[in-house]
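Here is a friendly briefing on helix packing and the nonpolar core. Please have a look at the model first.

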Amino acid sequence: MQDQMMTAASAERETVPQRFYGALRLLDSIPHDLIALVARLSIAAVFWQSGQTKVDGWHVTDNAVYLFQTEYKLPLVDPWIAAHIAAFSEHFFPFLLVIGLASRLSALALLGMTLVIEIFVYPDAWPTHGTWATCFLVIIAGGPGRIALDHLIARWFVRAS
């Protein structure tokens, strides 16, 4: 009982900055697993949806190729090839991110794609591309978290050795 009274009394003496700092410390307890999962799913959705605009069934649309010829105009890459590579990448790597397989490699590939878009296609869209890059860097630097096939595979290899 005495301890409870002392705790209550010391809580009353806490200053506003101390309480604010205490509240901020609670944010430190957000698990990386949750942050990585949100980063993987949200950025995968962005690229998957973009990929969906480039295909009709299993075929890259003429409109997608036309955009690479007229609007995107990537140097050194044929527009037909670029449209097909982009359509494939925007489906394959997001799928891997969602299931958490080869997550760091997938994030690195899509970060590279983001850099190409930023440098050659839409250089004024850096706020959007910076947000995408942040999601990728969370995955690349910290890994996909425990809610991922990568984690299960790593655990299996540790047990096997």
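**Annotated spans and helix packing**

In this predicted model, residues 92–117 have end C-alpha atoms 18 Å apart, and the span is 88% helix and 0% strand. Helices (H or I, at least four residues) and strands (E, at least two) are DSSP runs, numbered from the N terminus. Because the model is predicted, local features need pLDDT of at least 70 and side-chain atom pairs count only at pLDDT 80 or more, while totals for chains, interfaces and linings use all residues. Residues are numbered from 1 along each chain as its sequence is written, and side-chain values use heavy atoms, with hydrogens and water left out.

**UniProt record**
- The unreviewed UniProt entry lists residues 92–117 and 129–149 under "transmembrane region"; positions follow the numbering used here, feature names are shortened, and annotations may be inferred rather than shown by experiment.
- For residues 129–149, the end C-alpha atoms lie 27 Å apart, with 71% helix and 0% strand.

**Nonpolar core**
- The largest nonpolar core has 28 residues, and Ile-43, Phe-47, Phe-68, Leu-97, Leu-110 and Phe-136 have the most contacts inside it.
- Such a core is a set of buried Ala, Val, Leu, Ile, Met, Phe, Trp, Tyr and Cys residues joined through side-chain atoms within 4.5 Å.
- Two or more residues of this core come from each of α3 (32–52), α4 (62–72), α5 (79–99), α6 (103–121) and α7 (126–142).
- The largest share, 7 residues, is given by α5.
- Leaving aside neighbours within four places in sequence, Phe-136 is in contact (heavy atoms within 4.5 Å) with Ile-43, Phe-47, Leu-97, Ala-107, Leu-110, Leu-111 and Thr-114.

**α3 against α7**
- These two helices pack at an angle of about 135°, with axes 9 Å apart; axes are lines fitted to C-alpha atoms, for helices over the stretch in contact, and angles run from 0 to 180 degrees between N-to-C directions.
- That angle makes α3 oblique to α7: under 35 degrees counts as roughly parallel, over 145 as roughly antiparallel, 65 to 115 as roughly perpendicular and the rest as oblique.

**α3 against α5**
- Here the angle is about 155° and the axes are 8 Å apart, so α3 and α5 are roughly antiparallel to each other.
- Residues of α3 including Arg-40, Phe-47 and Trp-48 meet residues of α5, among them Glu-90, His-91 and Leu-97.

**His-91**
- His-91 sits in helix α5 and is buried, with a relative accessible area of 15%; buried means under 20%, exposed over 50%, partly exposed in between (1.4 Å probe, protein chains only).
- Not counting residues up to four places away in sequence, His-91 touches Trp-48, Gly-51, Gln-52 and Val-55.
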